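Here is my notebook on a structure I have just opened.

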Amino acid sequence: MPPVTQAPQSPGPALELLVHGVGGATPQEMLDDPRPVRVTGDATAAIYRRAEDMDAEQHPERYRDRPIAEAYCWSNLTSGNGSRALWLLLLPFMVVNLAHWMRPTARGRTRAVRLYGVLVRLVALSLTVLLTAAACEVALDLTAWQCAGVPDCSNRRSWLGFLSTAQGGWWSQPGRRLALAALVPTALVGLLWFLSNRTWSAYESQRPLTGSEPDDVDIQTAHDMNTTGTAVGGRPALGRPGFWYGRRLVARLRAAHTAAGFLTVAASVAGAAARHDRAVTGPVPEILGRLVEAALVVGALVVLWVVCRRGRSERRLDNRLDHALITYLPGAALALLVLAAVYAAWSRPAWVSAGALPGDVTFSVVTLGQGALVVILAVVSLGLYRRTPEPRTVMYGLGGPAVAMLACALGGVMTGGVAQRVADWLDGSGTPGMGRNSAIEGPPVLLSWQASVIPVLLVLLAVPGLLLLVRTWLAARALEPEVDREYGPQRPDAARTRQIARIRATAALTDSAPWILGPVSGAALLLGAAAVGGAWASGEVPGLAMEGSGPFAESAAEAAQSTGSWMVGLGFILFVTWGRRAYRDASARRTIGILWDVGTFWPRAAHPFAPPCYAERAVPDLASRMSGWTGQTRGRLVISGHSQGSVLAASAVWQLSAETRSRVALLTYGSPIERLYARWFPAYFGPAPLHGLHRSVHCWRNLWRATDPIGGRVRLDEGPGPEVDRGPLKDPLVYGRTPEHPLPEPVLGHSDYQADPVFAQERAALLDRLAPVLPRQADGEGAEDTPRAQGSSGRSSG
């Protein structure tokens with residue numbers, strides 16, 4: 001990174017740019033003004049000022065003792081209409097996209113880094129195939145093939161009457177039923193394409209203000225950054241010009257995944273017809289089925305080639321689009337789907353649907369392929385970590401493979417559970433697969449095994465959960481004497497001490513997340529392999545496979561099989577309910593929103609159907625505002641970020657030129673930059689990038705509390721110059737009732753950092769370090785915690 005620059009010798013105006021966190025604070029709350037005025041932006045994200053500050057640059061004498069306050073409000077990028085909670089149903093896609101960015105730090109390992117990216121993109125592609133295959137299983141196999149082909153089932157469903165074999169209509173032939181039912185998974189793939197294209201237009205298509213190469217990065221350094229993550233002597237990864245502009249990759253992956261979905265549907269439709277034509281001599285030549293299957297194989301190879309191509313190009317703004325690929329690949333796959341439907345719908349009077357479509361092989365291949373990819377990804381990650389070990393990195397660099405395994409487990413559980421639930425619904429009182437009053441055979445055996453894994457996984461999860469609860473209770477007891485010493489002069493109150501100690505111990509649970517993720521991912525890998533082995537060895541659902549093994553084993557297998565699908569159904573309802581509440585209720589958004597905002601912070605580099613990246617709009621917004629304001633006024637600027645807003649602020653500062661960074665101070669509070677991002681995403685927020693940011697920005701201060709479950713230290717207190725971290729701040733500010741504070745003070749935790757007098761002091765100190773000391777600031781008045789000084793900054797907690 002470039003050396004620390006000298007402070008700009010200019011007594012120009014000072015601006016404080018407030019960036020809120022996950023709570024979605026309004027401009028009125030941030031600026032403490034009922035009628036803020038929008039300076040720039042739109043209804044989705046904008047910058048606001050108080051009305052009285054609109055002409056602040058023309059009257060700098062008014063702002064000698066306080067900065068001009070501006071608020072960047074980006075809450076509508078991640079919240080809004082409750083229907084957006086449906087994005088939560090795409091959670092496996094978002095999780096696997098996170099795995100792409102969890103790569104360990106790598107230096108000089110270009111091939112390993114590229115292999116890591118290819119493996120994650122292949123896992124992401126398998127999830128698209130799995131989702132589409134699950135839709136085909138429900139619509140084609142369970143509904144059109146099994147239920148419509150059995151009068152006992154179709155007679156109970158009036159809406160299936162025109163497909164029923166009992167009526168003998170035109171649609172009663174199996175191939176025509178499959179061709180019609182293929183509209184459901186085809187519509188699902190088309191909906192995913194539409195949503196991805198729509199959000200791509202709203203987020204990724206917003207080109208950053210500057211299109212030139214950064215002034216402190218040469219061509220070779222930029223190339224090194226593109227392959228190793230962090231360049232020595234240049235900008236880190238998040239400072240690349242094209243990092244927040246990935247529309248070319250998203251468009252290419254969207255075309256490939258859409259084509260993969262269409263090809264999966266086409267294979268499900270044409271495969272059944274081709275197998276029938278090979279088995280009997282009928283009116284349709286066997287060669288037609290082989291030609292259709294060969295065309296599908298060629299299409300699949302093209303999709304794999306597109307996905308395995310080199311990923312993101314971040315060295316420069318890459319506005320070129322592969323128009324031929326984007327246009328013709330999905331269109332060609334859709335044409336093959338239509339051809340497969342026509343081929344299957346050809347009249348075959350002697351064709352009768354019996355049993356179930358052979359889907360066991362498909363789901364088994366996908367499951368085994370995902371497991372193999374995750375294992376190889378783990379080997380690559382461990383090799384990268386051993387080459388450049390960083391002690392704070394979670395799970396010795398295996399965070400990415402663990403998260404990828406979690407995404408596969410979510411996809412498998414949702415697939416098996418939904419298929420089992422639909423089969424139970426179609427069969428009425430019977431239990432599909434068990435042979436007891438069952439009208440239909442039910443879903444593939446493997447899906448029943450996967451649904452049965454859910455209760456087992458929850459039982460295994462209870463073990464580390466219980467250990468963490470005991471550990472937290474013991475930690476809280478150990479913290480009680482420390483709390484009493486901290487508030488020593490006041491009379492100890494056992495209940496108050498226990499409350500503060502319990503909150504501090506609970507806040508520390510965030511650092512124990514690897515203790516949950518590691519066992520869950522490992523158990524999911526082993527249970528997935530056991531499900532495949534059990535399905536292949538027995539060829540029956542768990543309830544039948546365990547017959548004769550003893551009363552306890554039989555009852556446990558039947559209970560796991562029957563409750564697994566119900567748990568998925570209940571989880572589906574709770575998922576949508578919590579999602580709607582998180583988008584509409586600010587308190588719920590503060591509680592669970594950080595996980596969602598971490599997931600959608602990163603660009604869609606692995607899965608194009610993941611929820612959109614709000615940072616591709618927010619980071620260029622902030623960087624453009626800082627560059628424009630400092631360039632026009634030559635003034636000082638403090639960018640003040642709370643919680644997730646601190647991550648946006650740091651990312652925007654990385655995008656600035658060296659001259660602009662010399663006029664910018666960074667104030668973060670309740671920040672997860674090190675606690676979450678540096679530990680889980682070391683290649684982008686690890687020690688090297690953060691030390692580089694510390695050296696390149698003129699001054700940086702980070703405030704943190706021990707009671708904060710999200711924010712924490714930045715851990716950059718080495719070297720010359722003032723320390724970055726200040727904390728832990730006292731929370732609560734007052735232990736008990738006093739004459740000055742007759743009512744109990746709350747434990748603030750992650751919110752209201754501006755209520756602490758330290759906040760105003762540190763902001764004033766940053767402004768002092770940015771410019772020559774002004775007379776009013778020299779006598780200490782600028783650091784006073786007066787109501788005017790504190791209120792002038794507004795509030796950015798959220």
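Entry 1: For contacts, I count two residues as touching when they have heavy atoms within 4.5 Å. I also note that I am working with a predicted model.

I started with Trp 704, which I found in the loop between strand S7 (699–703) and strand S8 (725–726). Which residues does Trp 704 touch, not counting those up to four places away in sequence? My list reads Gly 712, Arg 713, Asp 725, Arg 726, Gly 727, Pro 728, Leu 729 and Tyr 753. I then looked at Gly 727, which is 23 residues from Trp 704 along the chain, and the C-alpha atoms of the two are separated by 5.3 Å.

Is Trp 704 buried or exposed? Its relative accessibility is 13%, and buried means under 20%, so I wrote down Trp 704 as buried.

**Entry 2: a nonpolar patch.** I noted a nonpolar patch of about 540 Å², made by Leu 466, Leu 469, Val 470, Trp 473 and Leu 474. I picked out Leu 474, which lies in helix H13 (residues 445–486). The relative accessible area of Leu 474 is 48%, so I marked this residue as partly exposed.

**Entry 3: cysteines.** How many disulfides does a search of the whole structure find? My search came back with zero. As a reminder to myself, a disulfide is a covalent bond between the sulfur atoms of two cysteines.

Cys 73 has 10% relative accessibility and counts as buried, whereas Cys 308 is partly exposed at 33%.

Key. Residues are numbered from 1 along each chain as its sequence is written. This is a predicted model: local features need pLDDT of at least 70, side-chain atom pairs count only at pLDDT 80 or more; totals for chains, interfaces and linings use all residues. Side-chain values use heavy atoms; hydrogens and water are left out. Helices (H or I, at least four residues) and strands (E, at least two) are DSSP runs, numbered from the N terminus. Buried means under 20% relative accessible area, exposed over 50%, partly exposed in between (1.4 Å probe, protein chains only). Patches are made of residues with over 30% relative accessible area and no salt bridge: like charges are joined within 9 Å, nonpolar side chains (Val, Leu, Ile, Met, Phe, Trp, Tyr) within 5 Å. Accessible areas come from the Shrake-Rupley method with a 1.4 Å probe; for residues, only the protein chains shown count as cover. A salt bridge is a side-chain nitrogen of Lys or Arg within 4 Å of a carboxyl oxygen of Asp or Glu. A disulfide is a pair of cysteine sulfur atoms within 2.5 Å.
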